[in-house]
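This briefing covers one residue and one ligand site. The structure comes first, followed by notes grouped by topic.

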Amino acid sequence: MNELISLIIPTHNERDNITPLLERLECALSGYNYEAIFIDDNSADGTAKMIASLASKYPVKLIVRKDKRGLASAVVDGLSHISGKIITVMDADLQHPPEIIPNLLKEIEAGANTVIASRYVKGGSCPGWRLSRKLNSRGAIFLAHLLLPATRQISDPMSGFFMFKKGVLTGANLEPLGYKILLEILAAGNFKRVAEVPFAFGSRNDGKSKLNAGQQIAYLRHLFNLMKRTGELTRFFKFALVGASGIGVNEGLYWLLTRLTSLVGSLDIWAVVISTETSVITNFILNNYFTFADRSQPGLKSFLKRLLRFNLVSLVGISITVGMFYILTRFFGVQEPYDLLALLTGITMAMLWNYLANNWWTWKP
Ligand SMILES: Nc1nc2c(ncn2[C@@H]2O[C@H](COP(=O)(O)OP(=O)(O)O)[C@@H](O)[C@H]2O)c(=O)[nH]1
Ligand SMILES: [Mg+2]
């Protein structure tokens, strides 16, 4: 392949990593046509000077930003300096081994338009990570899968090492928030086929990681922002609206059955059962054709399968409401008039459960 490959490499205080990085790139990409675009956020350790001094030896472009604006924004800025149609984003600290770039390219040649170097597909790893860092990373990925279902098929949507074709960003409005630029590209870009290639996340020999607690809060804000922009937040409100309509159906039918017919008589518990199940069914139909219309599947079989799943999820939801009410009133001594609040707590938790479980399972993307 002789397409130009544009590497975007953000740097902040990575002076001693630059020479080995460029040497390894040169070796790994011999026979390929590439440019290494460094976006340096005014490093104090002379990173930019080091890069500039190597520009006669390697195909290097250097952009220095005087005001540090963060990792994601460095990548977005880098995009306006590329000359190639194949873009690779990677770290400068050698934790992303340049030697696997040809493997990423193979996937592009095979038809993928986004390829992720992944720590979490078979063959990938994070050697030397403490349990807390592993849990942290897995937790962040789980949240992304849960709240942004479009990322569910991807085992490592947080990787900072990935390749994509320029077309993926056509029309995409990237907001350079936080640290996780891949997540942004996956949510806003128009990728069609994503491939993942395993790699072992290297250990850092020089310099320090810039990942801190502030970044983790920023990550949650970024997720929320992406939920807004991808319509997942609207989906949540639609689900809540349907839930509210279900309360109307439930109460209304109960009223009709107990007041206007002689069918149930004193067996009002049956009126509750019938009206509750009816509201579960109307909720299901509304969610199927409104909240989750974009995930519709034709055929009676899938309709019934989803209806069954929705019923099971609702059953657990009811148990959560009752269980929470029981715990708060019996074990924590919550009394009138706060029993109403105890009930509301249960309802809110059940509603969150219902939303997440149905989004994850019943209307699996
Ligand atoms: N331009 C720029 N680069 C950054 C910034 N923060 C981190 N980097 C670079 O982004 C890459 C990944 O950062 P690192 O701190 O190693 O993150 P970690 O691997 O997740 O611990 C490295 O090449 C850093 O030099 C920043 O604010 N601006
Ligand atoms: Mg690093």
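**A buried alanine and a ligand site**

Ala 117 counts as buried because its relative accessibility is 0%, buried meaning under 20% relative accessible area with a 1.4 Å probe and protein chains only. The model is predicted: local features need pLDDT of at least 70 and side-chain atom pairs pLDDT 80 or more, whereas totals for chains, interfaces and linings use all residues. Residues are numbered from 1 along each chain as its sequence is written, chains are lettered from A and ligands numbered from 1 in the order written, and side-chain values use heavy atoms, without hydrogens and water.

**Surroundings of Ala 117**

- Ala 117 belongs to strand β5, residues 114–118 (strands are DSSP E runs of at least two residues, helices H or I runs of at least four, numbered from the N terminus).
- Beyond four places in sequence, Ala 117 touches residues including Ile 100, Leu 104, Phe 161, Phe 162 and Phe 199, contact meaning heavy atoms within 4.5 Å.
- Pro 157 is 40 residues from Ala 117 along the chain, and their C-alpha atoms are 9.8 Å apart.

**Ligand 1**

- Ligand 1 is surrounded by 20 residues, with Glu 14, Lys 68, Asp 93, Ser 209 and Lys 210 the closest (a heavy atom within 4 Å).
- Strand β1 (4–11) and helix α3 (71–79) each contribute at least two shell residues.
- Polar contacts are N or O pairs within 3.5 Å: a polar backbone atom of Pro 10 is 2.9 Å from a ligand 1 oxygen, and a backbone N or O atom of Ile 39 is 3.0 Å from a ligand 1 nitrogen.
- A polar side-chain atom of Gln 95 is 3.0 Å from an oxygen atom of ligand 1.

Conventions. A polar contact is a pair of N or O atoms within 3.5 Å; within protein, one must be able to donate a hydrogen and the other to accept it, and residues adjacent in sequence count only if both atoms are side-chain atoms. Buried means under 20% relative accessible area, exposed over 50%, partly exposed in between (1.4 Å probe, protein chains only).
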